[in-house]
Amino acid sequence: MATEPILSALDIAAVQRRHGLVRSGILSAYWSLTKPEVNFLIAITAAVGFWMGAPASFGHFPWISLLHTLVGTVLVASGAATLNQVIELRFDAQMRRTARRPLVSRRIEPSHALWFGVSLSVIGAIYLAVTTNALASLLSILTLLGYLFLYTPLKRKTPLCTLIGALPGATPPMIGWAAARGHLDGNAWLLFAIVFLWQFPHFMAIAWMYREDYARAGYFVLPGGKSKDGFVAWQTLLPTLALLAVAPAPAIRGEVGIVYLAGALALGSVFLHYSARFAFQMSAVSARQLLFASILYLPALFAFLALDKK
């Protein structure tokens with residue numbers, strides 16, 4: 001009889017631990033559903049857009065408004081990522097690189113993910129409208145709609161989906177700029193152009209690395225046959241060359257100084273090197289190197305931009 005309370009206490013503790021692990025696993029699954037690694041880049045570009053658009057000096061910088069902008073933007077982006085996985089569930093189940101996603105592995109029910117994604121998107125758009133302005137909110141909504149209803153279905157129809165997808169993908173800095181100023185101008189469009197062009201070599205490396213996976217799931221992100229390598233090469237090289245020409249424009253326009261200009265040229269040259277290596281010698285190694293270079297390039301470029309603002 002003396003052991004019964006002890007066993008009961010141990011059983012209770014074990015149940016509590018299991019419940020804690022289950023709750024932790026569910027929270028982790030929902031967190032994974034929002035694609036936090038993508039949101040990190042989105043937050044950086046939106047923050048730099050706000051920083052460059054804000055007219056105030058550092059001492060009077062509207063930090064609270066920046067925080068509101070990032071919260072709203074990331075909420076909408078998280079909703080878009082979630083809803084994208086709901087739409088593409090049966091295709092993700094056919095790909096090795098997405099086989100462990102929460103919906104595919106059944107850690108989250110599709111109906112729950114649907115409501116989660118809708119809630120995040122609606123709350124984020126309303127949050128931006130209330131805490132910043134209507135233009136920032138409208139841009140976030142257009143980004144969401146373009147991503148879900150243009151880019152997502154086009155991936156199964158045409159390799160030109162990259163071009164369409166790069167449009168909503170380049171809007172986060174414009175959301176930041178709009179939140180800071182309430183309107184868009186030429187400098188905002190320059191930030192848009194930089195992110196727009198950057199996406200092509202970045203995605204071409206991913207598309208080539210997982211080309212068999214994409215083909216198995218019925219995605220036409222690359223053309224079939226002999227034209228595939230030429231398509232990848234041009235979609236990698238031309239945007240990178242254009243990026244090398246466009247990235248220095250903020251310095252030419254007098255928005256930033258010589259430090260940014262030097263950084264943009266140096267980073268662009270390195271990025272072009274890896275793009276050219278991949279374009280002329282497509283391999284798993286050169287694709288991974290280009291992908292890694294692209295992931296480093298954009299935050300580094302925007303760091304120079306933010307630090308050298310006049």
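Let's start where H9 meets H13. From H9 come Ile-194, Trp-198, Pro-201, Met-204, Ala-205 and Trp-208. From H13 come Tyr-260, Phe-271, Ser-275 and Phe-278. Sort those contact residues by class and you get nine nonpolar, one polar and no charged. Keep in mind that this is a predicted model.

Now the geometry of that pair. H9 covers residues 186–209, and H13 covers residues 258–280. Their axes come within 12 Å and cross at roughly 30°. Angles under 35 degrees count as roughly parallel, so H9 is roughly parallel to H13. The handedness of this crossing is left-handed.

Stay with H9, and turn to H8. H8 is residues 172–181. How do the axes of H8 and H9 cross, and at what angle? They come within 8 Å, and the angle is roughly 160°. Anything over 145 degrees counts as roughly antiparallel, so H8 and H9 are roughly antiparallel to each other. This crossing is right-handed.

Who touches whom here? H8 supplies Pro-173, Met-174 and Trp-177. H9 supplies Asn-187, Ala-188, Trp-189, Leu-191, Phe-192 and Val-195. By class, that contact has eight nonpolar residues, one polar and no charged.

Next, the cavity. How many cavities of 30 Å³ or more does the model have? The count is one. The volume of the largest cavity is about 60 Å³. Its lining is Met-52, Trp-177, Asn-187, Leu-190, Leu-191, Pro-250, Glu-255 and Leu-305.

By class, the lining has six nonpolar residues, one polar and one charged.

Over to another pair, H2 and H3. H2 runs over residues 36–53, and H3 over residues 63–87. The two axes come within 10 Å and cross at roughly 145°. H2 passes H3 in a right-handed crossing.

The contact list for this pair goes as follows. In H2 we have Asn-39, Ile-42, Ala-43, Ala-46, Ala-47, Phe-50 and Trp-51. Facing them in H3 are Trp-63, Ser-65, Leu-66, Thr-69, Leu-70, Thr-73, Val-74, Ala-77 and Ser-78.

Last, the whole chain. How many helices and strands are there? The chain has 14 helices and zero strands. The C-alpha atoms fill a box of roughly 85 × 55 × 35 Å along the principal axes.

Methods:
Residues numbered from 1 in each chain as written. Predicted model: local features only at pLDDT ≥ 70, side-chain atom pairs only at ≥ 80, totals over all residues. Heavy atoms only, no water. 1 Å grid on protein atoms, 1.4 Å probe; cavity = no way out; pocket = protein on both sides within 12 Å on 5 of 7 lines; lining within 4 Å. Points joined across faces, edges and corners; volume = space filled by probe spheres on them. Nonpolar A, V, L, I, M, F, W, Y, C, P; charged D, E, K, R; others polar. Axes fitted to C-alpha atoms, helices over the stretch in contact; angles between N-to-C directions. Helix = DSSP H or I, 4+ residues; strand = E, 2+ residues; numbered from the N terminus. Parallel < 35°, antiparallel > 145°, perpendicular 65-115°, else oblique. Left-handed = near helix turned anticlockwise from the far one by under 90°. Contact = heavy atoms within 4.5 Å.
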